[in-house]
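Thank you all for making time this morning.

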Amino acid sequence: MNKRVWVVLVGAALVASGCGDDDLFGDERLGGNGGGGGQCDGFDPAAASLDEEEQRFLELLNQHRQANGVPPVSACASLNRAAQAHSEDMRDQDYFDHSGLNGSSPSSRACDACFESCQSTGFGENIAAGNSGAEGAFDQWLNSPGHNANMLRDSYVVVGLGRATGGGTYGAYWTNVFATGADASCD
């Protein structure tokens, strides 16, 4: 049986319209209480760190941006938390969508992961499934005009990366959350 590889795109940058209502990132999961500008102390730094494949993806992304005359993006700790949590949620709940099963959106997840500028920042999100490695996920997005446009949008200055493997229909889930602004939560 052939396993299909799926890619979905948010066609345009999303502008955050509200934050903190869905509580995707409660105290137990990541050690904070979310809410974009709320009390975000206590997040486990490991929840925002990139694994080797995610770091490789960031390298590929920035090489691609540089080759196309676009400035590099920096990894953002709070957006990494948002991306990682969404990838894990899709894997664990066995779905594939930009909307969480709890109704969360890319911008609300960024807010709940303590991205403090979520009310005034534009967002874009790429999700992919079926490739566990950085090169495979990058190639999926590179070969999709809408995803490639997100990767090359020059207004994006930071990105959150998240990869979850070992479950769900597709075995591997990737999320990239792009933002037009950075704040202290990115450090």
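I will talk about a strand and its partners, then a residue in a helix, and then the disulfides.

Before that, a word on how to read it: this is a predicted model, in which local features need pLDDT of at least 70 and side-chain atom pairs count only at pLDDT 80 or more, while totals for chains, interfaces and linings use all residues. Residues are numbered from 1 along each chain as its sequence is written, and side-chain values use heavy atoms, with hydrogens and water left out.

Let me start with strand β5, residues 158-167, where 7 of the 10 residues are buried, so that the strand is largely enclosed by the rest of the structure. Buried here means under 20% relative accessible area, with exposed being over 50% and partly exposed in between, using a 1.4 Å probe and protein chains only. Strands are DSSP runs of E of at least two residues, and helices are runs of H or I of at least four, numbered from the N terminus.

Two strands pair if DSSP finds at least two bridges between them. On that basis, β5 pairs with strand β3, residues 74-75, in the parallel sense over 2 bridges, and Ala75 has Val159 as its bridge partner in β5. With strand β6, residues 171-179, the pairing of β5 is antiparallel and runs over 9 bridges, with Gly160 standing opposite Val177. The hairpin of β5 and β6 has 3 residues between the strands, and in it Gly168 takes a positive phi near 70°.

Which residues does Gln84 touch, if we do not count those up to four places away in sequence? Gln84, which lies in helix α3, residues 77-93, touches Glu54, Leu161, Gly162, Arg163 and Ala164, where contact means heavy atoms within 4.5 Å. The C-alpha atoms of Gln84 and Gly162 are separated by 3.7 Å, although these residues are 78 apart along the chain. Gln84 counts as buried, at 16% relative accessibility.

Finally, a search of the whole structure finds 2 disulfides, a disulfide being a pair of cysteine sulfur atoms within 2.5 Å. One joins Cys76 to Cys186, with an S to S distance of 2.1 Å, and this pair links distant parts of the chain, since Cys76 is in the loop between β3 and α3 and Cys186 is in the segment after β6, 110 residues apart. The torsion about their S-S bond is about -80°, so this disulfide is left-handed. Another disulfide joins Cys111 to Cys118 at 2.2 Å, and its torsion of about 120° makes it right-handed.
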